[in-house]
Each structure stands twice: as structure tokens, then as C-alpha cells.
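Here is a short briefing on one protein model. Keep the structure open as you read the points below.

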Amino acid sequence: MDSYDVVVVGGGHNALVAAAYLARAGRSVLVLEKLDHVGGAAVSERAFPGVDARLSRYSYLVSLLPDRIVADLGLTASLTSRAASSYTPAGNLLVERTPGEATAASFRALTGSDTEFERWRRWYADLEALAAALAPTLLEPLVSREHARIRVDAVARMRLWEQVFERPLGVTLEELFADDVVRGVVATDGLIGTHTSLHDLAANRCFLYHVIGNGTGEWKVPVGGMGTVTAELVRAAREAGAEIVTGAEVSRVDADGRTAEVEYDGRVVGARFVLSGVAPHVLDALRGREGAPVAEGCQLKVNMVLERLPKVRGGIDPKLAFAGTLHLDESYSQLETAYRESAAGQVPTVLPAEMYCHTLTDPSILSADLVGRGWHTLTLFGLHTPAALFEADNDGLRGRLVDRYLQALNAHLEEPVEDCLARDAEGRPCLEARSPLDLAAELGLPRGNIFHGGLAWPFAEEEDEVGRWGVETDVRNLFVCGAGARRGGGVSGIGGHNAAMAVLER
């Protein structure tokens, strides 16, 4: 029986980060991925026959990946800033990447004064200070809640800790902002991939991860598409000596604290340590255990290729409107209503969603010919569409929701977006959609949850039974290294780094 220092189950980006760190430290490492490619959700693919466009098919923006991991592993993947932060057509609200006079004028036109914009600036200045204080701790052993509070209180205004960590996000936003659209633009960061009310602290935890990434919270575009990030991690891992096997479906994991065995495709390999890049629910099944219930995935992702960007009503340049996050029906009240309806098992009356155009920031994912012809990609991410809604008719509901999203977008356009869609080699519109059930089937994400489960605070609570790094299990030589690790979630590599550090300490 072959044996390794470490066997990593799953080949997502976190698993590759762990493999690279451990191989660089001189450990023998085997990565086993059941698909025919690694990267998990962090991949680029040509989705439409005959169309030379490499789409970030699942994950599509990067905020949480720390510069330290990039430097440690010698990654050359480039992340670049978008020209604008966001645009909300309902209200004609433009937020520049660095809010200035254009943003102030946009707030003034929407709300009738400068008050809301000044509150916005103070709020995000506070969050920037919070990010700078907490981001470094994500790559360290878990700090206590009290230590985290001390760090935040040292750099931020009074009450920020209470507003972010103790009071529901909805209560905070109702206190800080008067305008329904402004509240909604802030609130969406608490709902990406999380099916909850803004009056539940689950929204606060999601919000926190979306605003502290790399000490700035800025969501950047991976040049060349998300697959370039994975390709760099593969290079770093293999150059360090890690062995990566695809098409290898693991069927059993046994670990007793000192040694371990992993079975895949009828073979068994031994290991001193096992790292799990798959969801904790999946790991339970591999260990012959019944997994705990999994939080519902709740997003519908739509990828499109356009022959041209559609013109936007209101006179704004579409190259600005679509460069950042375009908020579609995401006012505060619309978000809460959509949650209540979907939690009751109903398709929301109004479907909140956000969109952005990768190629306005990075045209390299298209061939030079398509760029010259003015083609673009367009991505839509829908909120509050939990997996349970799709169980009776996944294909049918997916198609109906896509039609409704396009109709909602068209209400703000001078021409239907359908008229702008490119066609593939077989004459079909270049549009694809993925529901939570599709993600479960294609990527092995239980219930389509992109975070492998509910997000937790990035610190240790007194009642927690978590280990030093937040990656430990009930067995000393079995660790979680994927999105299901404490401080996992999003394209960050943090779970992989921390699992590697835990192994090296042992």
C-alpha cells in the first residue's frame, strides 16, 4: 500500500493551497479529485460551442484571498479593480470605486440631501478600519471573541462592534440610513449565498466576510478568469512536489488519530494526516457517519455572452453601469420580502439579483476577434432562491426564473438584453443558468451551498468546541481544509492555509 504524509480529499482551491504549503515544507502530499479537473468552483470554461470565451462559470470575483498566501506560494495570478463599485438603476444610484463627487451627486439626486452620503462614507470608513484590524487574524490561530473586540475597538468608532457583531444587520441599517435603496445596496453583502433575514445574525456573519477581505474588502476581477487562480495553485503545488490525481472518487476515509487510510477507485493509500476539502457533510458520509442538516444553497447563477452591451435608460454609460455590481430589485424592503416569501416555500414575487460584466475590466477571457467586435460577458447572481424551491421541477423553474430576471433587467434598458445575446455554433443563445440543485450535482456541494454550510464568526466563542486553527475534527490527524472550515467560505485559500499550519504544528 502506498503511503503519504498527507492525503487531501477534494481538489478545490483550498485543497491546492494546503497541498502547496505542505509540499513546500517537505511533506509528501497526494490530492484526490473526483472530477476530471481540479479547482472546484474556481474554474474557467468555454461554455458555448464555437464561442471563444472562457467564463468564470461558478465563482467569479475574489476578495478574501490574502496577499500573504499569494506571496508565500509565489502566485502570479493578477487581480484587478473594477471601474465602479456599483450602480442601482432603481434610483439611478452610482457608487464609484473611490466615492467622490459623482457618487455624492448621485446620492443627492436620490435622497434630496448630502446626509445619506455622509453617513455612507462614515460607515465604510469604519468598516475599512475593522477590515484592517481583523483580516490579519484570519491566517493566525483563532483569537477569542474578546481579543477580536479589543482589536476592533482600538481602531473604530464607538458602537461599531455592537453594530456589526451583536445587533442584527437590519437593525443597524435602519438606524444608519433612511433610504430604502441605500439600505439595500449595503445589505446585499449580508445575503450573498446566505438564505436569511437581515434581522438574523447570520446576515451579519455573511456581511463581515464580504467586507474584510485582504484588509480592504474590495472585490476584484481575476485576470484571465477564475481558472487562472486555480492554474497558479496547481503550478505551485506540483512544483513543490505534490501529486494531483483527477478522476479519483474517494469512497472511504478512516483515521484513528495516528494513522489513516483513504480508499478511492478500489485502491487504498495510507497517510499520517488526511485533509478534507469536501463539505463536512460529505466527509461525514465518507467516514460512515450521518451528517448534520445542511443550510440551503440559495442562489441562481446566470452566465451570458453578448454581442454588445445593451443601452441603459437614464443616460448612464453601460460601460459604467455594468462595470461594478448592478443591483437589480435589491432595495432593503425587496430583499426582506423575497426572504419571507422564499422561506415560506414560495418563489419570490420580486427576484433580487446583481450583475456585472467581467470583460469591461478584463477582456482577456475573450478572443481578440470577439473583443474587436465589441462582445462582452454578463453574469447574474440571484438571491433568495433556495434549493427546496427547485425540487419539484428544477429545469422548469430555472427557465422561468431566467425569463423573469431578464424581464426585470429589460425594465431598465432601452433594448431587450435578449437582442444582444450572442449565438453559439448551433445557433442557440449564449446563456446558461445553474440552480442550487445543479451545483449539488455538478460540484458535490450539499444542497448547493457555496459555503459548504452556514458561516461562523472568525473568532472563538467561549462555548465553542473548535480547535486552535478552526480546522480540527474529533480525530487528531483529520482536518477540514475547505470552505467548511472556520473562516472558510469564498475564494480565499484561508481554510487550506490554516489546515496546513495545523498539520505542521502536529
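Two strands count as paired if DSSP finds at least two bridges between them. By that rule, strand E6 (residues 84–88) pairs with E7 in the antiparallel sense, over four bridges. Within this pair, Ala-84 has Glu-96 of E7 as its bridge partner. The model is predicted.

**The hairpin of E6 and E7**
- Four residues lie between the strands of this hairpin.
- Gly-91 takes a positive phi there, near 120°.

**The seven-stranded sheet**
- E6 and E7 belong to an open sheet of seven strands with mixed pairing.
- The strand order is E7-E6-E14-E15-E16-E13-E17.
- Which strands form the edges? They are strand E7 (93–96) and strand E17 (431–434), and each of them pairs on one side only.
- On average, neighbouring strands of the sheet are turned by 15° against each other, with direction ignored.
- Further along the order, strand E14 (residues 325–328) and strand E15 (residues 353–356) run antiparallel.
- Three bridges join E14 to E15.
- His-327 has its bridge partner in E15, namely Glu-354.

**Packing of H1 and H18**
- Two packed helices are described by the angle between their axes and the distance between the axes.
- For helix H1 (residues 13–24) and helix H18 (residues 494–505), the angle is about 35° and the axes are 7 Å apart.
- The crossing of H1 past H18 is right-handed.
- H1 makes the contact through Asn-14, Val-17, Ala-18, Tyr-21 and Leu-22.
- On the H18 side, the contact residues are Ile-494, Gly-495, Gly-496, His-497, Ala-500, Met-501, Val-503 and Leu-504.
- How many residues of each class make this contact? Nine are nonpolar, four are polar and none is charged.

**The second largest pocket**
- Rolling a probe the size of a water molecule over the atoms shows where empty space is left.
- The second largest pocket holds about 780 Å³ of space.
- Its lining has 32 residues.
- Closest to the pocket centre are Pro-280, Glu-472, Val-480, Gly-484 and Ala-485.
- Which element gives the largest share of the lining? Helix H11 (residues 280–286) does, with four residues.
- By class, the lining of this pocket has 14 nonpolar, 10 polar and eight charged residues.

Conventions:
Residues are numbered from 1 along each chain as its sequence is written. This is a predicted model: local features need pLDDT of at least 70, side-chain atom pairs count only at pLDDT 80 or more; totals for chains, interfaces and linings use all residues. Side-chain values use heavy atoms; hydrogens and water are left out. Axes are lines fitted to C-alpha atoms, for helices over the stretch in contact, and angles run from 0 to 180 degrees between N-to-C directions. Helices (H or I, at least four residues) and strands (E, at least two) are DSSP runs, numbered from the N terminus. A crossing is left-handed if the near helix is turned anticlockwise from the far one by less than a right angle, and right-handed if clockwise. Contact means heavy atoms within 4.5 Å. Ala, Val, Leu, Ile, Met, Phe, Trp, Tyr, Cys and Pro count as nonpolar, Asp, Glu, Lys and Arg as charged, and the others, Gly among them, as polar. On a 1 Å grid over the protein atoms alone, a cavity is a set of points where a 1.4 Å probe fits but cannot get out, and a pocket is an open set with protein on both sides within 12 Å along at least five of seven lines; lining residues have an atom within 4 Å of a point. Grid points are joined across faces, edges and corners, and a volume is the space filled by probe spheres set on the points.
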